[in-house]
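Keep the structure in view while reading.

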Amino acid sequence: MCSIEIGSSSTGDFEAMDVVSRVAPLSVGPYERKTMTFFQQSIWDGKTYLGGWSNLGGTTPIVSPVTGKRIGSYATGTADDIAKATDLAVRAQRTWATTSPEVRSAILRRAAVIIDENVGILAQWLSDEAGSANGKAAFEAGLVAAEFHLASATAMVPYGQVLRTGRPRLSLSRRLPVGVVGIISPFNFPSILSARSIAPALALGNAVVIKPDPRTTLTGGLFFAAVLEEAGLPEGLFSVVPGGADVGSALVDEPRVPVISFTGSTPAGRAIGARGGELLKRVHLELGGNNALVVLADADIEAAASAGAWGSFLHQGQICMTTGRHIVHESLYDRYIELLTEKALHLPVGPPSSGAPLGPIIDTGQRDKVHEIVTASVAAGARLTAGGTYDGLFYQPTVLADVTVDHRAFTDEIFGPVAPVTSFATIDDLVHLVNSSDFGLSLALLTGNAFKAFEIADRMPSGILHINDQTIDDEAQAPFGGVGASGTGSRFGGHDANIEAFTETQWVTIQGQIADYPF
């Protein structure tokens, strides 16, 4: 993924911001609120959350990509632990589904307040565990609280329709919880990309079993266990089963988990989607992106370069909505390259504690993939104007000019701080360049004529369209998803999309007497 617009588009304004307001604690109704010193490491270190804080057969160290040092550990799960978590979920969900929406809403509202009150703790762990720069970490933490606030309202919205019928009866449709929702979440924005499924799924009467990315199990899973326990969520409704692909496969295969919510790479999404089809499961896939930022001939070139730098370099380019292709009109191309290169050369890279706007790549495997794409593209004819080097996991912001459709920097999702730039001459050329990618997540058009750009965009399919903004943005109330290789459509965000994602539709008819039939 996937998130995020943090504020000013000026590349000099990357400082952390105060993104949350303080809200008075709320009552959670009949469920007793548990008291604890919030998220002390002694509570979760070496453990996971299955019906409470639990030890399993082994542990995995948490290693910071910032320092390379061990900062904790978590209990490593297995397929058997998926079965155990599902046992707990199935039993607890039966009662939760019949719990009043007022109570469900109050618990989620309380969870949102707890996140608000502890946003600094979450932001710090996002920096330590995920390598998030201060501004990104603070904003992600604020987005997480917003998801829970929205979900508390989702619990209370109308959940059906009265239907017209040609017979003397009441005909209606209603939405019922699916039961247990399985979530597999990624490393890049681990908290928000977990929260956007956890919160609405619980609000709508489901239980949740989550397998976070092994590199961000703390911020993608265990932090939520602490929040929901403190908020008074009944035992068994939320479990975290850490592990690798084998644990994720067990969650997908578990017959009592009818819905899987996956955010991650397109190859993994294809495999999960194929397996879900065999098992007749609903699988929500939010996958990769190779998003185009288009600079039309009438655009403000300085503003466009600023937006382009933000879109490609934010969080080291590790976002599904990252600007992966800069497609610039030939009349502005040389100046755009000059401005974007200048911004890349002056963006500091370093530990979040230093205040640098860009932090580390998540691990050596991802760093090497980024560098391989850069070097292969240069070897094929792309022109390196900035970056292309690294120190440990800290990869310098990189600009590649003269990129063509044959270069890997144009075709691949890089997931690093790399800005490939290509020129176009006509609108038909532009449409061909944008549509030459199988991905279809986010599209941005920068222009002096917004309505003309809106017309042009109809020729370039995407799940998200931003006119006069860059490709990265996310709001809890907005539907989010991609088309093509980017996923299965808008499955998250806002009441309607979330209800569609995490409930089943039931048709109901009611009449006063048994109907008469001729036999």
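A residue is called buried when its relative accessible area is under 20%, exposed when it is over 50%, and partly exposed in between (1.4 Å probe, protein chains only). By this rule, 58% of the 519 residues in the chain are buried. The model is predicted: local features need pLDDT of at least 70, side-chain atom pairs count only at pLDDT 80 or more, and totals for chains, interfaces and linings use all residues. Residues are numbered from 1 along each chain as its sequence is written, and side-chain values use heavy atoms, with hydrogens and water left out.

**Overall fold**
- The chain contains 16 helices and 23 strands, which are DSSP runs (helices H or I, at least four residues; strands E, at least two) numbered from the N terminus.
- Its C-alpha atoms fill a box of roughly 75 × 65 × 45 Å along the principal axes.
- Contact means heavy atoms within 4.5 Å; of the contacts between residues at least 6 apart in sequence, 75% join residues at least 24 apart.

**Nonpolar cores**
- A nonpolar core is a set of buried Ala, Val, Leu, Ile, Met, Phe, Trp, Tyr and Cys residues joined through side-chain atoms within 4.5 Å.
- The largest one has 94 residues, and F148, I198 and F238 have the most contacts inside it.
- Helix α7 (residues 217-231) gives the most to this core, with 9 residues.
- Beyond its neighbours within four places in sequence, F148 is in contact with residues including L108, I115, I198 and F224.
- A second, separate core of 27 residues includes F410, F424, A453 and A457.
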